[in-house]
Amino acid sequence: MNNKKVKELKVSAIENGTVIDHIPAQAMFHVIRILNLENFENMVMFATNLESKKYGTKGIIKVSNKYFAPEELNKIALVAPHASIIEIRDFQVARKTVVEIPDKINDIVKCFNPNCVTNHEDVRAHFTVTDKEEIRLKCHYCEKITSKNTMEFR
Amino acid sequence: MKHKSLVSINDYTKEEQLRILELAQEFEKNPVQRIMEDYVVASLFFEPSTRTRLSFESAANRLGAKIVGFSEASNTSVKKGESLRDTILTVANYSDLIVMRNPIEGSARFASEISSVPIINAGDGANQHPTQTLLDLYSIQKTQGSLDNLEVALVGDLKYGRTVHSLVIALCNFNTTFHLVSPVELKLPRAVKMHIKEKNLAYHQYTELEDVLPKSDVLYMTRIQKERFSDPLEYERIKNSYILHADMLPDTKENFRVMHPLPRVNEIHTSVDKSPKAYYFEQALNGVFVRQALMTLILGIK
Ligand SMILES: [Zn+2]
């Protein structure tokens, strides 16, 4: 049995919905959180630690009967910058896109600065993305930079 | 500028900043006027900062304003666990303008978003202290006759010094050439240098104070704190290399002036104090006029 067939057995096809592919294995949990799939009522399938020629191991998520707005999906670019999005309609690939880091990040990331007002008062941090390559987020409140290695999700 | 909070120096355009400096000149000539008699200024100092508080309160007092507030959080409802949100919403009912100092970074921005009256940030932790920047600009303009095309040397802790960061950003509007003197560990952060680069201005970095003295118009000194060094030996090694003495002044330009946000520790030797090139005490006094200008513009009196 070749790899392709094994994959198909692990994550079966959906009739209608969205496939999110090329998620780094260690980012799966974050993607689920960011898209709020934990509280999703339709069928959601996950597979992780699949072999990937490009990235070593990857994860894949299939969400049936759901199409996301690009703004919503772009949030996952913070943890899965190379994720590809495949819209399935009637078992066919209807559209294939890639995620893009947005200019602004709201709600999903915590400011790393322990002395920031967002970690003391009932107010959520939001950020301007100052560097999309290295991922640097400038907090609207304390103006400090949260970077990839200090990033925490709420 | 009416009703516009001042949280970061960038909240105001170059033109608005210049308007404040222009009006500050008028207040310097005539600092006692009863033009704020109908106004209440709330002065909320969640951490003590006597110098800044006295400057604001003196500025408001001389214009006849009433001042309410506190000078430290220990005897207030804040100590009893009241949120900043509730404090601001309450105080906004009793005042026309809130001057706030708070050690929490971003607190002033947050306050400006929930308050019905304008907020002046008098320092939010290590983040911003825009009225210091305005008084620095005023002092530079006053001593040099102009803000344009100056050679400005900044010395000391350029990495963590918030007054340095804001001043650099503000001076980027005036075709400044920057001379940055610091230990290697305390160089100006990349994010601040970006502002200089965006305006295509020149900056030069040095580790020796002597190298910049002959070419500078303004020498802006700051304090180097021991806590900033992971290696205490490194601090011991460099701590005396950024100290200005009177015998270093003869080679400087005629218009050369020494500035410092104060308080100083030992980085400017007291021998400098009596030189006509020492400007740091007058610089602090300028804060009163700049704050008078700022408050009256925000309140729409001027
Ligand atoms: Zn923050």
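Which residue follows α5(B), and is its phi positive or negative? The residue is B:Gly145, and its phi is positive, near 85 degrees. This is a predicted model, in which local features need pLDDT of at least 70, side-chain atom pairs count only at pLDDT 80 or more, and totals for chains, interfaces and linings use all residues. Residues are numbered from 1 along each chain as its sequence is written, chains are lettered from A and ligands numbered from 1 in the order in which they are written, and side-chain values use heavy atoms, with hydrogens and water left out.

**Where chain A meets chain B**

- A:Asn115, A:Glu121 and A:Tyr141 supply 38% of what chain A buries against chain B, more than any other three residues.
- Between the chains, 11 residue pairs are in polar contact, both residues being at pLDDT 80 or more. A polar contact is a pair of N or O atoms within 3.5 Å; within protein, one must be able to donate a hydrogen and the other to accept it, and residues adjacent in sequence count only if both atoms are side-chain atoms.
- A salt bridge is a side-chain nitrogen of Lys or Arg within 4 Å of a carboxyl oxygen of Asp or Glu.
- B:Glu105 and A:Lys144 form a salt bridge, with their closest N and O atoms 3.7 Å apart.

**Helices of chain B**

- Helices (H or I, at least four residues) and strands (E, at least two) are DSSP runs, numbered from the N terminus.
- Helix α5 of chain B covers residues 130–144. Its 15 residues reach 21 Å from first C-alpha to last, close to the 21 Å expected at 1.5 Å a residue. That expected span is 1.5 Å times one less than the number of residues.
- In α5(B), 14 of the 15 residues are buried. Buried means under 20% relative accessible area, exposed over 50%, partly exposed in between (1.4 Å probe, protein chains only).
- Helix α2 (residues 50–62) of chain B holds B:Thr52. B:Thr52 is buried, at 8% relative accessible area.
- Beyond its neighbours within four places in sequence, B:Thr52 contacts B:Phe45, B:Arg101, B:Ala122, B:His129 and B:Arg291.

**Salt bridges within the chains**

- Over all chains, the count comes to 18 salt bridges.
- A:Glu152 pairs with A:Lys110 at 3.5 Å between the closest N and O atoms. The pair links strand β11 (residues 152–153) to strand β7 (residues 109–110) of chain A, 42 residues apart.
- A:Glu152 is partly exposed at 46% relative accessible area, and A:Lys110 is partly exposed at 31%.
- B:Arg228 and B:Asp157 meet in a salt bridge at 3.6 Å, N to O. They lie in separate loops of chain B, so the pair ties together parts 71 residues apart in sequence.
- B:Arg228 is partly exposed at 34% relative accessibility, whereas B:Asp157 is buried at 2%.
- B:Arg264 and B:Asp273 form a salt bridge with closest N and O atoms 2.7 Å apart. B:Asp273 is partly exposed at 27% relative accessibility.
- Salt bridges with shared partners join A:Glu87, A:Arg89 and A:Arg95 into one network.

Notes: Buried area is the accessible area (1.4 Å probe) that two parts lose on being put together, summed over both. Contact means heavy atoms within 4.5 Å.
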